[in-house]
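Visitor: Could you take me closely through a single part of this model, residue by residue where that helps, and then show how the part is set among its surroundings? Please state the criteria behind each term as you go.

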Amino acid sequence: MDDLDRNILAQLSGDARMSVAVLARRLRVARSTVQARLERLESTGAIAGYTLRLGEAARGARIRATVLLGIEPRAQPGVLSRLKSLPQVERVHTTSGRVDLLLQLATASTTELDETLDRIGGIEGVRSSESLIHLATKLDRAV
């Protein structure tokens, strides 16, 4: 990946709907060059897809939380299987350090969040959990 590839990704991370023509104009390269680079970035997996990222107006009604889970040794496959069945669990990351999994949750209410946390705590193999409720987003550079 060279500077042009990184610049293409940077432009698309700001606006994934940007046309190839506009992208080429902004980067001062031929449209065919941008098209070829996009095809290569897609085929190599650098670009996994184009998606919609909701703004605060659409996400604002959701209660968001991060949950830090400690799990029993060798319990990860079973725990992950159960977590995947909960629609409130948006992301699961493995971690290094004092916790084993980091979850990102979104619920419609604090009641639903409380019920989801109870379900997670009741999963066989979950040893400990710590919940952090998101209050406001001050910076979001996620691609």
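Guide: T66 has its place in strand β1, where helices (H or I, at least four residues) and strands (E, at least two) are DSSP runs numbered from the N terminus. This is a predicted model, in which local features need pLDDT of at least 70 and side-chain atom pairs count only at pLDDT 80 or more, while totals for chains, interfaces and linings use all residues. Residues are numbered from 1 along each chain as its sequence is written, and side-chain values use heavy atoms, with hydrogens and water left out.

At 12% relative accessibility, T66 counts as buried; that word stands for under 20% relative accessible area, with exposed meaning over 50% and partly exposed in between, for a 1.4 Å probe and protein chains only. Leaving aside residues up to four places away in sequence, T66 touches L102, L103, E130, S131, L132 and H134, contact being heavy atoms within 4.5 Å. With H134, the side chain of T66 makes a side-chain polar contact at 2.6 Å. A polar contact is a pair of N or O atoms within 3.5 Å, of which, within protein, one must be able to donate a hydrogen and the other to accept it, and residues adjacent in sequence count only if both atoms are side-chain atoms.

The bridge partner of T66 in β3 is Q104, and this belongs to the antiparallel pairing of β1 (residues 63-71) with β3 (residues 101-107), which runs over seven bridges; two strands pair if DSSP finds at least two bridges between them. I63, for its part, stands opposite T107 in β3. T107 is buried, with a relative accessible area of 0%, and a polar atom of its side chain lies 3.0 Å from the backbone oxygen of S109. Strand β3 as a whole is mostly covered, with five of its seven residues buried.

On to the partners of β3: β2 and β3 pair in the antiparallel sense over five bridges, and H93 stands opposite L102 in β3. These two strands form a hairpin with six residues between them, and G97 in the turn has a positive phi of about 115°.

Taken together, the four strands make an open sheet in the order β2-β3-β1-β4, with antiparallel pairing. Because β2 (89-94) and β4 (126-133) stand at the edges with a single partner strand each, one side of each is left without a neighbour in the sheet. Neighbouring strands are turned by 20° against each other on average, direction ignored, where axes are lines fitted to C-alpha atoms, for helices over the stretch in contact, and angles run from 0 to 180 degrees between N-to-C directions.

The side chain of R127 reaches the backbone oxygen of I71 at 3.1 Å and makes a polar contact with the side chain of D100 at 3.4 Å. Again not counting residues up to four places away in sequence, R127 touches G70, I71, E72 and D100.

In helix α2 (residues 20-27) the buried residues are V20, L23, A24 and L27. Seen down the axis of α2, they fall within an arc of 100°, so they line one face of the helix; the arc is that of the directions from the helix axis to the C-beta atoms. These buried residues pack against α1 (3-14) and α3 (31-43), and just after α2, R28 takes a positive phi of about 60°. The axes of α1 and α3 come within 11 Å and cross at roughly 85°. These two helices are therefore roughly perpendicular to each other, on a scale where angles under 35 degrees count as roughly parallel, over 145 as roughly antiparallel, 65 to 115 as roughly perpendicular and the rest as oblique. Where they meet, L4, D5, I8, L9 and L12 in α1 face T33, R37, L38, R40 and L41 in α3 as contact residues.
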